[in-house]
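Biologist: I am new to this structure and would like a close look at its aromatic rings. Please take me through them in one answer.

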Amino acid sequence: MELSILLAKQIISLFLMVVLGFLLVKIHLLNVKDSDVLSKLVVFVFSPCVLIQSFTHTHFSIKTLSGLMIAIAGATVVHIIYITLSKLGETFFGFNNIEKASLVYSNAGNLIIPLVAATLGDEWVFYSCAYIIVSTFLFWSHGKSVICEEPRIELVKVVTNPNIIAILLGLVFFLTGFGLPSILDSCTASLGNMIGPASMLVIGMVIADMDLKLVFTNRRAYAVCFGRLIFYPLITIFFFCFSGILSLHEEASRILLVTLLAASAPCAANVTQVAQIYHKDATYASAINVITVVFCIVSMPLMVAIYQLFL
């Protein structure tokens, strides 16, 4: 019950930030074009800082390393399942590129890191990084190519992306025990803390230029919402509980609970931001994001309850 209450509070807090972004445009303090700059800051500055911080504040041990491997394995399988299901959805239901990306990639960083810290403790935030690592790498390779309709993945652009560089640096810090100088550590921590509010403001600003009636009457958006919040997470629960992965680590059930939270989160704000930066359908991406944020207040606690029921 405590997890469900804290989860709902965190989601409502993020939704209020979306409302603020909406109002800032409506009262003409900002305009929709300003969201382009904010999107670039989120994607190329705030997000890398979050990744680096997650690794530099975790003590290396065989136990934490093996737990990280379990979490990475779980996150990898989840993404393989989600990408496969979305590809099938394209074939049988005509999912477009924004819909496919929204189904596969979740708002794991913005929502899950503060949620895990508040409910399970700061020491468990490290395991949320496993999902972020896998999701970040795949998003900037597979996800970006889907959204931007690129015929092939350009490996050079993937490995030179600031988020991928941040992951590699973070792994070096974790494995060697070295950290950032205190001043630089404080700087990256402050910048990383801005990712949630900034991401939600972008969504609200983009929505301010939309016809809200069209947002909440779009049947396809609700279909994507059902897949993102209900159907895909249920497949994840089935895999975790019946594949034997829970027996591979003494704390696997708690580690994979963190993974499940990330896998059942609303669609990634990055989908909207990348669509905005590369002039794709950011309006539709924002609509899907808002609908999933609204309904995940109920769906995420439900998925956690079902998972705990099968343990």
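Which residues do ring pairs link into a cluster?

Modeller: This is a predicted model, in which local features need pLDDT of at least 70 and side-chain atom pairs count only at pLDDT 80 or more, while totals for chains, interfaces and linings use all residues. Residues are numbered from 1 along each chain as its sequence is written, and side-chain values use heavy atoms, leaving out hydrogens and water.

The cluster consists of Phe44, Tyr105, Phe139 and Trp140, linked by ring pairs. Rings of Phe, Tyr and Trp (its six-membered ring) pair if their centres lie within 6.5 Å; planes under 30 degrees apart count as stacked, over 60 as edge-to-face and the rest as tilted. The structure holds 12 aromatic pairs. One of them is the tilted pair of Phe238 and Phe242, with 5.1 Å between centres and 40° between planes. These two are four residues apart in helix α12 (residues 219–242), so about one helical turn separates them. Helices are DSSP runs (H or I, at least four residues), numbered from the N terminus. Phe239 and Phe240 also form a tilted pair, with centres 5.9 Å apart and planes at 55°.

Phe238 is exposed at 56% relative accessible area, and Phe242 is exposed at 54%. Phe239 is partly exposed at 24%, whereas Phe240 is buried at 0%. Buried means under 20% relative accessible area, exposed over 50%, and partly exposed in between (1.4 Å probe, protein chains only).

Charges also meet rings. The charged end of Lys144 sits over the ring of Tyr278, 4.6 Å from its centre, and Arg254 lies over the face of Trp124, 5.7 Å from the ring centre. Such a charge has NZ of Lys or CZ of Arg within 6 Å of the ring centre and within 35 degrees of the ring normal.
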